[in-house]
Amino acid sequence: MKNRKSKITKTAETKKEKLLSFLKGQGLLIYNDLENGRFPQFSIPSRSVSNIVYDKKLRQYVLGNSSAVRSARNMSQLRSYTQLAWLAFFVNRLIREGKSSTLRDIYYSSQAFTIDFEDQPESDNIIVDLEALFSFPREDFHIFPEERSSVFGDLTIEYTVRGYEGRRVNLSDHPDGYLIGPSLSSAELVDTSAELVIAIEKGGLFTRFVEEKVHKKFKAIIVDTAGQAPRSTRALLRRLNTEMGLPVVILADGDVYGEHIAMVIKSGSANAAHLRELTVPDAKWLGVWATDIEKYKLPTIPMTESDIKRIYDLQKDPRYQEGNWKTQLEVFLKLKRKAELEAFSKYGLTNITDKYLPEKLEISKSL
Amino acid sequence: MSLTKETFSQISPSEFFYRNRDLAGFSNPSRSLYTSVREFVENALDACDQKGILPDVHLSIKAVEPEQPDPKAYILTVKDNGPGIESKHVPLAFGTVLYGSKFGLKQARGMFGLGATMAILYGQITTNKPVTVKSCSDGKTLEEYILLLDIQKNKPIILKHSTKEGSKTGLSASIVLEGDYSKAGAKIRDYVSQTSLITPYASITFEDPAGEKFHYPRIVKEMPSSPTIIKPHPHGIDVETIRRMIADTHYQIPNVDNKMISKVRSELGLVKKNLNPKEILDRAQKRWSNLSRPVRTIIAIMSFLNLDFDGLSKTRIDDLDIANKKLTYWDFGQSQSHVVELDSESSYFKQLANTVLGETLHTFLTKRFQRVGPTTADKFAEFAGFKPEKRIGSMTNEELVRLADSLQKFEEFLSPDPSCLAPLGEEPLAKGIMKFFNPEFASVIQRSASAYSGFPFIVEMGIAYGGDIPLAGVKVYRFANRIPLLYDEGSDVVLKIVNEMDWSRYKVKGDPPLVIVSHICSTRIPYKTVGKENVADRPEIERELKNALQYLARKLAVHMSRQGMADMAKKRANLYSKYIPLIAQFVTELSGNKKEPNYKQLIKKGSEIEEPQI
């Protein structure tokens, strides 16, 4: 245990150092270009649809080889070049000073430097450029989205954020769970007795699981993804999997969106194809499967047209071409009905934790 | 059944125009006021042009009773520094319709001096007030006339005539007429200002009823070269015109009165001496080449009637029938009519025939038309199926129609002589445009002369862009024979050409600050309507306008792309001076340096990059 911990600390420190030296390296390159009267330029991997490909080995979407040059020589790129240079400068400060900010913060902070973004989408876009340029997620640059999800269970963390350095917290101390925010994301994972991570789509069920002591019964850390899992949540799930060696299982609504929530945690999204280390390739989708709807006689509601369209879309995705992923999509399409996680309440509030969860966990072992 | 009794009576030109005043632009008080201003101002400018005087025109409009609501009586006064009109001509010039000196074929603003008289007539009809004319033609005496028109008789009635000491030549006319300045004011102000644009060699002052003065000073000091009066081109001729021209070439058999007899005697050197008929003829033969045409005709008649001067004084020639070779005369002494057979072999018969039947077709063509030499005349005669020796006086109606048709169809006449045209010239036009619009860019062109239906014309055009011109899209100023055309824009050929233009091909976008000045000069502008406000789309004129406009648009495009490059360079310079220092600031901290890099060189480089032209 102790051995592992020091290794983790070292990894986190190394990552920060690596990032800072990347930034400094870029800074020096540009500095020298300016000094020598050369137009500086960035070469940013292209994020156009034609350059997003599925990597079967990595089991996630990645960017292809084409990249676009953004040069200060080109008058129409000069502004966005400067914005990107500013962002690199700004996150360098954030990292060094140990401060965090949000996407919206970035938009407003830019105004202090006469880097005028037209609107937030423009600044958000530059942030994605920065991610693509360095192949690090924005969270590593201390930039966080507004949405928050939470985590609960026996996991001891040690903060690295300024003012809390070295302070430790156990994440089972507060029954509502802990927000997966900047401090938690940057904290070091110290110790856990858990043997499993259960990611669940809905806050209501998350609370039920805590109440029913699922964390104890199943030795689990429970993560509320609050719908489609935000990047910070996916990063935490990955760390729990890789750093702490815990298997990850996913429970989501019994519909095409639920299935895809599980898929994104497992193998990422096309939007984040420029990023690595956000996926949990070995994560398992527990349910609710389309076949569970009949098996457990769950009350259902009819699918909407957009639900059905979504099924057809996903059927073109290379990740849905085989196995259970493919089978369940086909059954959904046949049923044209869906069931939410709450549907189990028809058979008693604890039905999902007492009956469904153990059965599915058993099945998952053979997946 | 009832019978309606109709009376037929001849009406005078004055009465005709009085009854049809709508045709001449006097349909209502506001239009009439505008038309009157135009007629008087144009007369004043024409008068100065003809004598090569730099015009100085003062126009004033004053209400008789300012408190009254419109329409009401206004006093319109136009004063110029032209040659003035000789005292004896003043009453006729201002008191008769169709009296004037503008019958020759050359370009002028007005035609026939008709409009001013119409204005006087209109004023008299609406207010019953006379016209006051002050004229000084010799620089010494100023003649003042107060006149009314006798509409039925088309004659002036002089109410008052006085003479004062004058100092310089010029003419001032003042009429009282019913007008509506509240409605016509904007047009009149436009008219005056646009006139100053196309007449940059004139100084024009306008005082409006409120006492406000608009002064347009002279921009150029040189008069444009003045047009010459020329003969008509065969293509521009119709049957009626030919008939009139032939009538002009006929010589009257002179009236044999005492005055004529003494003229004959003096030309023969027989003022006091009397001779017998034979001696008279001998003497005439010796002096034949020195005799005037009427005297020759009289001698020919004397030869057939065998008369001396006494006999001649008692004779009146009634008819000369060349076809039947008969001469009819009245003998006062016998109070009796006589008929004499004429001997066609006699050389005197030819003299009489020439007089009555006019010239040969060959002579008629070469002498009366431009662009017809002896060879062309012969070729034409063959084309039209006439003998060149054919006497034009002997042509029947059908033959006249054939002649007129053939003149229009014959293609070997050279194109009309443009020396009768008076374009403004490129330099004065350019100066006028610069002064008037204060643009960022201007260019002008004068196309070489062209012709439609035998009428020569020249297109002059100017283009102006930017500067003080508002961003309001293309604005077109139309002129014809130095007159601004303000009404009926929509159907005009110039507008059509401008609207058909694809401006984006010339780097002009959106609602550009663009002005086009178009001037068509011709001995006859093909107006679409009697109102003379829009020019019809003759293909020849259309082609010239299009060529002129395209030429100017190309000039503008060159300017625009130069301007575009300059703007781009400026924009680049601004961008690089803004962003490069920022980048330097960021990377200094990012790279851990203390001192900013020296980026001056890069700003300079960035500003100088040439963007590829799209």
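Me: In which loop of chain A is A:V288 found?

Reply: A:V288 sits in the loop between β15 (284-287) and α10 (290-295) of chain A. Helices (H or I, at least four residues) and strands (E, at least two) are DSSP runs, numbered from the N terminus. This is a predicted model, where local features need pLDDT of at least 70, side-chain atom pairs count only at pLDDT 80 or more, and totals for chains, interfaces and linings use all residues. Residues are numbered from 1 along each chain as its sequence is written, while chains are lettered from A and ligands numbered from 1 in the order in which they are written.

Me: What kind of peptide bond joins A:G287 and A:V288?

Reply: A cis one, with omega about 10°. Chain B has a cis bond too, from B:D70 to B:P71, and there omega is near -5°. B:P71 lies in the loop between β1 (56-63) and β2 (72-80) of chain B.

Me: Why is B:N306 called exposed?

Reply: Count its neighbours. B:N306 has 12 C-beta neighbours inside 10 Å.

Me: What makes B:S335 exposed?

Reply: B:S335 has 7 other C-beta atoms within 10 Å, so it is exposed. B:S335 lies in the loop between β10 (326-331) and β11 (336-341) of chain B. Phi of B:S335 is positive as well, about 50°, although the residue is not a glycine.

Me: How do you know that the length of helix α15 of chain B agrees with what its residues should span?

Reply: The expected span of a helix is 1.5 Å times one less than its number of residues. Helix α15 (residues 426-437) of chain B has twelve residues, so it should span 16 Å, and its end C-alpha atoms are 16 Å apart. B:N438 follows α15(B), with a positive phi near 45°.

Me: What covers the buried residues of α15(B)?

Reply: The buried ones are B:P428, B:L429, B:A430, B:G432, B:I433, B:F436 and B:F437. Their cover includes α5, β12 (441-446), β14 (455-465) and β17 (513-522) of chain B. Helix α5 (residues 181-198) of chain B has 18 residues. From the first C-alpha to the last, α5(B) reaches 24 Å, close to the 26 Å expected. Buried residues of α5(B) include B:Y181, B:A184 and B:I188.

Me: What makes a set of 67 residues a nonpolar core?

Reply: A nonpolar core is a set of buried Ala, Val, Leu, Ile, Met, Phe, Trp, Tyr and Cys residues joined through C-beta atoms within 7 Å. In the largest core, of 67 residues, A:V197, A:A199, A:I221, A:I222, A:V248, A:I250 and A:I265 touch the most other members. Helix α9 (residues 256-267) of chain A gives the most to this core, with six residues. Another core, of 50 residues, lies apart from it, with B:M461, B:A480, B:V494 and B:V517 among its members.

Me: Which residues of chain B meet where α8(B) and α9(B) touch?

Reply: B:P277, B:I280, B:L281 and B:A284 in α8(B) meet B:I299, B:M302 and B:S303 in α9(B). Six of these contact residues are nonpolar, one is polar and none is charged. Ala, Val, Leu, Ile, Met, Phe, Trp, Tyr, Cys and Pro count as nonpolar, Asp, Glu, Lys and Arg as charged, and the others, Gly among them, as polar.

Me: How many residues of chain B are in contact with chain A?

Reply: 22 residues of chain B are in contact with 23 residues of chain A. Two residues are in contact if their C-beta atoms, placed from the backbone, lie within 7 Å. α17(B) gives the most to the chain B side, with eleven residues. That side divides into twelve nonpolar, six polar and four charged residues.

Methods: Buried ≥ 20, exposed ≤ 12 C-beta atoms within 10 Å, placed from the backbone.
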